[in-house]
Amino acid sequence: MSLEALLFDVDGTLADTERDGHRIAYNAAFAEVGLDWDWTVSLYGELLAITGGKERILHFIEMYRPDFQRPKDLKGYIADMHDIKTRHFTQLVRRGGIAPRPGVKRLLFEARQAGLRLAIATTTTPENVQALLSTSFDGAEDWFEVIGAGDVVPSKKPAPDIYNYVMKKMALSSDSCLALEDSFNGLRSSLAAGVQSVITYNAYTQDHDFSDAALVVDHLGEPDTHCQVSHSRIAINGAAYVDLALLKRLHGAR
Ligand code: XBP
Ligand code: MG
């Protein structure tokens, strides 16, 4: 089965959105609702083990604020807080606050030129994806046939739901796809859906266990900004950046 589609994660993969994006937006939302909660860079790194903002806030309350006076409708309270956070995040993105990661635009363009199909499989909200693609990716929303995001599936990563959702929508079989991810949860999710993963780790995920990934690099690289390969299923012969030819060789070697 040849490589037909690339399935992209968003946060940490398309762009490094967590430390200076989502984390700032959560703290702004907490302040707006009168809470003194402060998700520091290191605490946020721990909280990222829980995917999904609403789930992450509940986890924080349970693990770090057990004495928090819970409103009767805690679920609704968290959902409202998360909506405020999403407003702050999309505003931050639209101010141009988040740049694409190295090589992502290049690979997207190359894949489109070669007729590969593209999709998004993410835990974040559709509003966040739309803001990021329209601002940081020059309006590339229509490059992606399906944008699988957030609550469109019952279980978030590491569950396979979002990858299965996207492949079902596109009538793709898992062995004709490659996923691009940044985290252990993302790797587990794609593998559980039968999709091989290329990992571009970041400061928050560099110590995750990526031993089951097809390729692990610090970023996709550019001709003048070489990537560092820390694991590869194939001999990559000193490749300086990840291009479609390399992905096709990786896919062929599965
Ligand atoms: C990463 C996540 C998201 C973001 C925050 O998503 O787990 O929860 O951290 O976004 P992915 P929300 O790596 O799958 O793109 O607050 O919208 O959840
Ligand atoms: Mg991610």
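Trainee: Before we go on, what are the ground rules for the model and the numbering?

Mentor: This is a predicted model, where local features need pLDDT of at least 70 and side-chain atom pairs count only at pLDDT 80 or more, while totals for chains, interfaces and linings use all residues. Residues are numbered from 1 along each chain as its sequence is written, chains are lettered from A and ligands numbered from 1 in the order in which they are written, and side-chain values use heavy atoms, with hydrogens and water left out.

Trainee: Ok. How much space lies in the largest pocket?

Mentor: About 600 Å³. Of the 42 residues lining the largest pocket, Glu18, Thr51, Gly52, Arg56 and Thr123 are the closest to its centre.

Trainee: And what counts as a pocket here?

Mentor: On a 1 Å grid over the protein atoms alone, a pocket is an open set of points where a 1.4 Å probe fits, with protein on both sides within 12 Å along at least five of seven lines, and lining residues have an atom within 4 Å of a point. Points are joined across faces, edges and corners, and the volume is the space filled by probe spheres set on them.

Trainee: Which element gives the largest share of that lining?

Mentor: H4, with five residues. Elements giving two or more residues to the largest pocket include helix H1 (18-32), helix H4 (74-94) and helix H8 (184-192). Helices (H or I, at least four residues) and strands (E, at least two) are DSSP runs, numbered from the N terminus.

Trainee: How do the lining residues divide by type?

Mentor: Eight nonpolar, 19 polar and 15 charged for the largest pocket. Here Ala, Val, Leu, Ile, Met, Phe, Trp, Tyr, Cys and Pro are nonpolar, Asp, Glu, Lys and Arg are charged, and the others, Gly among them, are polar.

Trainee: What about the second largest pocket, what volume does it have?

Mentor: About 180 Å³. Its lining is Lys54, Glu55, Leu58, Leu74, Lys75, Ile78 and Ala79, and H4 gives the most, with four residues. By type, that lining has four nonpolar, no polar and three charged residues.

Trainee: Switching to the metal: what coordinates the magnesium ion (ligand 2)?

Mentor: Asp9 (OD), Asp11 (O) and Asp182 (OD) do, at 2.1 to 2.3 Å. Along the chain, the donors follow the spacing D-x1-D-x170-D. Donors are N, O and S atoms within 2.8 Å of the metal (3.2 Å for Na, K and Ca), and water is not among the atoms, so sites may look incomplete.

Trainee: Are Asp9 and Asp11 buried or exposed?

Mentor: Both are buried. Buried means under 20% relative accessible area, exposed over 50%, and partly exposed in between (1.4 Å probe, protein chains only).

Trainee: Back to the domains. How far apart do their centres lie?

Mentor: The C-alpha centres of domain 1 and domain 2 are 25 Å apart. Across the boundary, 18 residues of domain 1 are in contact (heavy atoms within 4.5 Å) with 20 residues of domain 2.

Trainee: And H8, which of its residues are buried?

Mentor: Asn185, Gly186, Leu187, Ser189 and Ser190. Their cover includes helix H7 (161-169), strand E4 (177-181) and strand E5 (196-200). Just after H8, Gly194 has a positive phi of about 85°.

Trainee: Where is the cis peptide bond?

Mentor: From Lys157 to Pro158, with omega near 10°. Pro158 sits in the loop between strand E3 (146-149) and H7.

Trainee: Which residues other than glycine have a positive phi?

Mentor: Asp138, at about 50°, and Ala171, near 50°. Asp138 is in the loop between H6 and E3, and it counts as exposed because its relative accessibility is 62%. Ala171 is in the loop between H7 and E4, and counts as exposed at 70%.

Trainee: Last one: what does Ser134 touch?

Mentor: Arg94, Gly139 and Glu141, leaving out residues up to four places away in sequence. Ser134 is in helix H6, and at 24% relative accessibility it is partly exposed.

Conventions:
Domain bounds come from an automatic or database domain assignment.
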